[in-house]
Structure formats: C-alpha cells, structure tokens
Amino acid sequence: MVIIRAKAWFLIWFLLITSVAVMLMSFFTLGIDDLASIIIGIILIIASDSLNIELSKDTIITMSLPVIYGLSLYHFQNVNLLPWMIIPAILMSEIRRKAEWYKAVFNTSAILISALLCSITFSYLLYLFPSPQAFTNIGVLLSALAGGLAFLFTNAILISSIVSFSYGYSFKDVLINQILKKEQLAAVFLSFIIGYTGLVLFQFSIYSIIIAIPLVYGIYLLFKRGRELELESQIAMEMAASTVDLRDATYTSLHSKRVRDFAAAIAKALDLPRSSIEVIENAALVHDIGKIGISDIILKKPDSLNSEEWIEMKQHPVKGHELLKKLTKYREVARLVLYHHERWDGKGYPAGLKGDKIPLEARVLTLADALEAMLSDRPYRDRLTISQVIDELTIGEGTQFDPILTKIAVGLINKGVIS
Ligand SMILES: [Fe+2]
Ligand SMILES: [Fe+2]
C-alpha cells in the first residue's frame, strides 16, 4: 500500500524543477576540458553504487556515499560539475534498480542538493583557514566535517519530509526515530571518513589508494565477523524460543513463527517503516522466551491455573525482557516482549499500561499473538472459524486490542492474508 499525498507530490515536483534548473544553469559554465572530470565522476559513482558493506542488519554503507562526498569536496572550486556527474549516475542506478519514476527523481535530487550544499559549505569555510590547502591540514579537515554535516542534515530533512508527507507521520518522529538513528549515523560518518581518507591518499599519490585497499578489506572482514556473531546470537535466541513453544502444552510448535507472519502482515498494512517491521518480526519470534523460566508443572498443566500459578505465569514477559535486554541487538525487541500482554483498556500485565502508552509495535504483537491462538487447535478446543474470530475481535476492539489495529486485522482476515 503506497500512500502519496498532495504535499509529497509538491515536494517531488519542486525537487525535479530545481534539479533541472541547476543542471541547465551550470551547463553554460562548463568547458570542454571538464568533460573528462565529469566522465570519471560518473564512472566512480556508478561503480561504487553496487558495492555495499553490511556492518550490521541496520547499518549498511553504500560505497557511492563516500565517493559523492569525496567528489563534492574535491570539486569545491567547480561546483558546477556536480549536477552533471550526480544526476546521470544516480538516475542510471535508480533505473537499474527499477525504481518508480518519482522515487528515482526524489533520490537523485535529494543527493544532488545535499552534495551541492556540502561543497558550498566546504568552500565557504575554507576561506576562513588560510593555506596550505592540503587535505591533511586541520582547517581543511574541519571544513570537510562541516560539509559532511551539511550533506547529512539536508538529506535527512528531505527524506523525513517525504516520508512524513506521504504517510502522515510526524516529521520530528520520522527524523529522530527513523532517519537519524544511531546505526544510520554510524554508517554516514564512516562513509565520510572513507571518502576523506580516499582524498588524502589521492592527493598524496594515486598509488597510496592501491596500498590502502587491503587495509580497508581487513576492516571490512572485522565488521563481517561482528555481524556473523550477531546472527549466531539471534539464531540461539530463536531456537530457545521455539523450544518454549514445544514445551508449552497449549501451543503448537509453529506458534511464534505464525505470530511473526501475522504481526508482519498487520505492520505492513499499517505502512510502518522497514526497520520497525523488522523489530516486530524479531520480537514475535521470541515473545514468549520468558516462559523458559516457568516450571513444567505450570506450562504443561491441562486444567486452568490457580491464582499462585497465574502469578508465576504472568512473570514471563518480565523474565523475557530481563534475558533479551542484555543483548545489544535485542534491546528494542526486549521492550516489546515486556509489553506483549498489556491491554488497550489498561487491564493487562505486567505494567497495566493503557491505550497509546503501550508502544504501537507491542500492540501489533498482542493482536497477532491472540489471532494465532484463535486460529490454531488447542488441546481443549478446535480452531475458531473465520466468523468466530471476527466476533472475538469485535468483542476485544477497544478493550483488549487497539481499535484501529483491530479493524486492520479484520480487513486482512477478510482478504485471506491472515488465515
Ligand atoms: Fe506471552
Ligand atoms: Fe504467544
């Protein structure tokens, strides 16, 4: 479901017209001897664009960013070259990716404007620091840093605007929680360091770049190992969680995986950003991991629990939270696990949070968990029929479940997405 509202269209057209105007205006200042620089720039951007370094699941460096940053600094005395390198190169990459035309226009113009502001900031600040204008000079380094910040903030503001205009989220929320996230910032600053180091080496000697390649590769391998360790801890957690599903007499072995599928369907219908959907999916897979600390007598009891047993059972979100929060990768997931038995009316556990005080992602999880329970056979009853599930949801709407999410879930059930 793609929602593009009028304000978003306005921004796209504004960026399109601005980029075309900048390109045309700069055309008249170019000379024939600029052609070689432009072609080299285009080749460098296109070649680097398909090189991705995945530092972690959320931290991906596309090597075109260091290259564009480096080019913006290198050509600070001839900013007019930039549109002629960036527009063709990024457009070609977007076409290769089969992006919709408006996304291609937006991405290309956003990068162009960010690069231009980076270059202008850099050249303006350079005048404050007298010669020698070598990239090893501290004044040049600080100016480059300021240029980088101009790049980062221009791009972040443009992306947050388009996301908030398109989906109706608050601009501040998108900017802080989605775009300027720690992982993204780490990737951007690393890109700047790579771009700048490239420039220093290039100014020193073209051969030093060749010498630097094995060094960069070594660093890449270190990050890759870190990523592998992270994946291993994820697999271990998910295995522990599926063992809990097997131990729990009321669940089927696929409970957590089905909760993940239902939660992902609801989150996608809500148009939540990709990173939020990933957190929800990871949380769904381990949501009952805290039951690892609940005794078999309670977990496998065929009859209903007495009040003491209930007190122990209600501890599983807290135990799950305690376990998961120790792993950096699971910190956000841990918070959702803690709240997966809260209710919209505040009568849930462990915190008794009410309404939108419960994190949205946790509300999605609660609903998916309940839906999976209704849609699977239990030792004491068969799975509910679709109309029975809809009846149950209608009863729970606004009491147990978030009313908006409930409506979305009913829609998904009717469409057969959740079954
Ligand atoms: Fe649970
Ligand atoms: Fe569950």
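Predicted model: local features only at pLDDT ≥ 70, side-chain atom pairs only at ≥ 80, totals over all residues.

Mentor: Residues are numbered from 1 along each chain as its sequence is written, and chains are lettered from A and ligands numbered from 1 in the order in which they are written.

Trainee: Which residues does a cis peptide bond join?

Mentor: Helices (H or I, at least four residues) and strands (E, at least two) are DSSP runs, numbered from the N terminus. The cis bond, with omega of about 5°, links Tyr349 to Pro350, and Pro350 sits in the loop between α15 (331–338) and α16 (360–374).

Trainee: Is Lys98 buried or exposed?

Mentor: A residue is buried if 20 or more other C-beta atoms, placed from the backbone, lie within 10 Å of its own, exposed if 12 or fewer, and partly exposed in between. Lys98 is exposed because 7 other C-beta atoms lie within 10 Å. Although not a glycine, Lys98 has a positive phi of about 60°, and its place is the loop between α4 (81–96) and α5 (101–126).

Trainee: Which residues of α3 and α6 meet?

Mentor: Contact requires C-beta atoms, placed from the backbone, within 7 Å. In α3, Tyr69, Ser72 and Leu73 meet Ala144, Gly147, Gly148 and Phe151 of α6.

Conventions: Contact = placed C-beta atoms within 7 Å.
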